[in-house]
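Please consider the structure shown below.

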Amino acid sequence: MNDEQGSPEPGLRRPDPGLRGRRRESGSCVSPRPVSPPPVADSFAPDSVPVDPVVPIPPGPATRGGGTGTTTRDSSDASVMRSTGSMAVANLASRITGFVRMILILTILGPAVASAFNTANTLPNMITELVLGSVLTAMFMPLLARAAQEDPDGGVSFIRRLLTATSLLALVATVVAVACAPLLTELNLGDGEVNTDLATAFAFLLLPQIFFYGVFSVMLAVLNYNGIFRPGAWAPVWNNLVAIATLALFAVVGSGIDPAAPVNLLSAPILLLGLGTTLGVVVQAAVLLPALRRAGVVLRPQWGLDPRIRQFGGNALAGLSYVFISQVGLVMTNRIGSAADEAAIAIYGTYWLLLQVPYGIIGVTLLTAINPRLADNGVAGRTDAVVRDISLGTRLSLFGLLPIIAFMTAFGPTIATGLFRYGNFDAQNADILGLTLAFGAFTLVPYAVVLLQQRVFYAREDYWTPTVMILAITIVRVVLSLIVPLVANERSHVVIGLALANGIGWVVGAVAGYILLRRRLGSLRGRETARSAVWTLGASAAGALVALAVDTLLPLDLLTDSVGSIGYVFRAGLAAVITLVVTGLILSRSRLPELDAVTPVLRGLVGRLRR
């Protein structure tokens, strides 16, 4: 047990800290022996000199940091950083393969068919989030923590009941959603430019993903709480690889899809795209099963609701309300975009995926690693430790994301042209995508901060405050989105305004979350965060300006004129390297504590990539 966690609560069972012979999984944070107390240091570096601990550690075996059954999880700062490095490679692979998948969708299908396909393919995610998505699985963390601490079997029976109940719920949701497929596509698209019949045909084949997404979410929460991160981090890669193979097969043997032709659900191209994409989600869920078995999780159904699950029902209502409100914002974005231009939904979806590449590597990885510790500290009422976790997550998010935002803002059109101006995706659409990226890149920071704040509230078992926050975000987003078509110069530019409206909404949410957390927790180390933000923002802006100057002075137009879109890839790559190098050189003089925390992770990543 580390100093941040304090002493065990009276009356709570102290589980066996050993793994009883279980082999340690490579890359996980599961420890085969009692965990020695790590230093508590503001730098969050694994080798920092410890300060005076909050609670003295008595002699004898250290207690566990968390985990169900007989599994012991190391919850130290060093463990969080190791887990972040371990998952970063998997998340990088996931984002790259997802990126390739999106490129193929746009260039093979074209913007019109891609808009219909993407609309249908977001429906399973929307329904899964509404019924049993990332919000609810984040809320499961405190329940898993209580079950692991209080139950004689370390929470094993609780997990079996949880898996059984959620699987049944996901199955019911799948059947209802498939039956309502025409209604769902009409709700998302309205009477706009996108082919609703084609989207409905895809929806019938893609909505069965709901069951597998739902089961995957709960299995992932169980593995993460036990400190096993690698299988869940790599699972989306398998999903993307199956989808990429499907699109490649479609390009080779398919006859294409005419968005203006009558739609036949049983036509070979539609069946191939729909069933192949759904197969990817099935594989994503299936690859977690061996890891669950190795962790000692019993997968046999166990019927009956645990009293804590019944009590969770009221809290789940808060989670459902959260997701429902957020989906209202997405539906409004889809309807406004569809009314403006047939390519708007495909462009907006691609812009959001581009943002998810850096966020997935940095934000998701960090949240996944820190969330179990937040749950332990929140359930135990360790306010000081929760504040340290907020500071850690916020500062590392700023440190990692601001340089990327500066690069995307300065070189949005160059990035989009180099990556997407191929096949059926023409130069005009690529330019609009680039402008959408440039105007919306700033969303990354408030988005990452809000999701971190959300986890803090859930860790303290406050489930309604995040719902109020997302309501404020959605109101701002919807109001501004409704104004966009009235002020846009061209219909094709509406999507740029939608990205800007979305980002402003998340800024409002981040500010509101900070105020609410400060009222509950006191000081959030705001001066430290502000210092990191000023240094990183200034360094990132300087890096982007230097890259723009180099791009202007060098005769790179000759390159792009001679080799086309591939030349823009080189141009964007050169700009990215210059931006990051200049930013890094400036930050190296800043003496920010994040440098000490990030350097070992970067070295580990380089080592893994070399292998």
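In this predicted model, ring pairs join Tyr-348, Tyr-351, Trp-352, Tyr-359, Tyr-447 and Trp-506 into a cluster. The structure as a whole holds 10 aromatic pairs. In one of them, the ring centres of Trp-352 and Tyr-447 are 5.1 Å apart and the planes stand at 85°, so this pair is edge-to-face. Because Trp-352 belongs to helix H11 (residues 344-379) and Tyr-447 to helix H14 (residues 444-459), the pair ties together parts that are 95 residues apart in sequence. Trp-352 has 23% relative accessibility and therefore counts as partly exposed, whereas Tyr-447, at 13%, counts as buried.

Tyr-447 also pairs with Tyr-359: the ring centres are 5.0 Å apart and the planes lie at 65°, so this pair is edge-to-face. Tyr-359 is located in helix H11 and Tyr-447 in helix H14, so parts 88 residues apart in sequence are tied together by the pair. Both Tyr-359 and Tyr-447 are buried.

Attention now turns to helix packing. Two packed helices are described by the angle between their axes and the distance between the axes. For helix H5 (residues 196-206) and helix H8 (residues 268-286), the axes come within 8 Å and cross at roughly 40°. This angle is why H5 is oblique to H8. The crossing of the two helices, H5 and H8, is right-handed. On the H5 side, the contact is made by Leu-198, Ala-201, Phe-202, Leu-205 and Leu-206; the H8 side contributes Ile-270, Leu-271, Leu-273, Gly-274, Leu-275, Thr-277 and Thr-278. Sorted by class, the contact of H5 with H8 comprises nine nonpolar, three polar and no charged residues.

Definitions and conventions
Residues numbered from 1 in each chain as written. Predicted model: local features only at pLDDT ≥ 70, side-chain atom pairs only at ≥ 80, totals over all residues. Heavy atoms only, no water. Axes fitted to C-alpha atoms, helices over the stretch in contact; angles between N-to-C directions. Helix = DSSP H or I, 4+ residues; strand = E, 2+ residues; numbered from the N terminus. Parallel < 35°, antiparallel > 145°, perpendicular 65-115°, else oblique. Left-handed = near helix turned anticlockwise from the far one by under 90°. Contact = heavy atoms within 4.5 Å. Nonpolar A, V, L, I, M, F, W, Y, C, P; charged D, E, K, R; others polar. Phe/Tyr/Trp six-rings, centres within 6.5 Å; stacked < 30°, edge-to-face > 60°. Buried < 20%, exposed > 50% of the residue type's maximum accessible area, 1.4 Å probe, protein only.
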